[in-house]
Amino acid sequence: MGGIRFYILHMPERLISAIRDIPDFPKKGILFKDISPILSDPSLLQLAIDLLTDTVKDKQIDKVVGIDARGFIFAAPVALKLKAGFIPVRKEGKLPWKTFNEAYTLEYGKNTVEIHQDAITPGDNVLLIDDLLATGGTACAAVKLINKLGANLINVSFLIELDELKGRNKIDAPVTSIIHY
Ligand code: AMP
């Protein structure tokens, strides 16, 4: 009975059926995966947090790094569950203290992400979280920042991965995604 209950509570299928596909957002040709229906349902939000936390089961994590902005939604509660600290990687110009930054290429143009220079102690065990892995440019830049601070990157975890874009090939660390398209 306990086994069946565990299975029902931990099915990523419940998350998949809540994700809404929005064609041509924010621009033509992009099929946007809208996770708002997951966030507004406490049992689905809890399930997403639990499954992301399980990606580092049995590992000691000191810091959970979340990527601006939807990564923050998941990274902070996962950090609390792991009794770890939360660290934001933010878009350029948002962090008030001394930063390291990393530019990366988007489909059109460039973007830059930043981290506070004192956010991580060298040797800290780090989990990096974002909502979705597409081409991998954003996560790859965040990984470079984490490595620059001398952290021990244990895992990079996503709620959703778009497999055909092969973003995980750009990430020089173990990658786990809960849902694959
Ligand atoms: P990328 O750098 O190409 O891996 O893009 C990842 C970032 O862009 C993540 O922070 C996502 O939130 C966002 N993103 C990219 N593609 C999508 C999509 N199809 N649906 C929702 N978010 C996306």
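Lys 63 counts as buried in this predicted model, because its relative accessibility is 18% and the cut-off for buried is under 20%. Its side chain meets that of Asp 124 in a salt bridge, with 3.0 Å from N to O, and this pair links distant parts of the chain, since Lys 63 sits in strand β3 (residues 63-67) while Asp 124 lies in the loop between β6 (110-116) and β7, 61 residues apart. Asp 124 also counts as buried, at 11% relative accessibility.

Arg 70 forms one with Asp 131, where the closest N and O atoms are 2.7 Å apart, and here helix α5 is linked to strand β7 across 61 residues. Asp 131 is buried, with a relative accessible area of 6%, whereas Arg 70 is partly exposed, at 36%. In the other, Asp 50 pairs with Lys 81, the closest N and O atoms being 2.6 Å apart, which connects helix α4 (residues 42-54) with helix α5 over 31 residues.

Which element gives the most to the lining of the largest pocket? That is β7, with four residues, while β2, α5, β5 and α6 are among the elements that each supply at least two. By residue type, the lining divides into 17 nonpolar, eight polar and nine charged residues.

Note on methods: Residues are numbered from 1 along each chain as its sequence is written. This is a predicted model: local features need pLDDT of at least 70, side-chain atom pairs count only at pLDDT 80 or more; totals for chains, interfaces and linings use all residues. Side-chain values use heavy atoms; hydrogens and water are left out. Ala, Val, Leu, Ile, Met, Phe, Trp, Tyr, Cys and Pro count as nonpolar, Asp, Glu, Lys and Arg as charged, and the others, Gly among them, as polar. A salt bridge is a side-chain nitrogen of Lys or Arg within 4 Å of a carboxyl oxygen of Asp or Glu. Buried means under 20% relative accessible area, exposed over 50%, partly exposed in between (1.4 Å probe, protein chains only).
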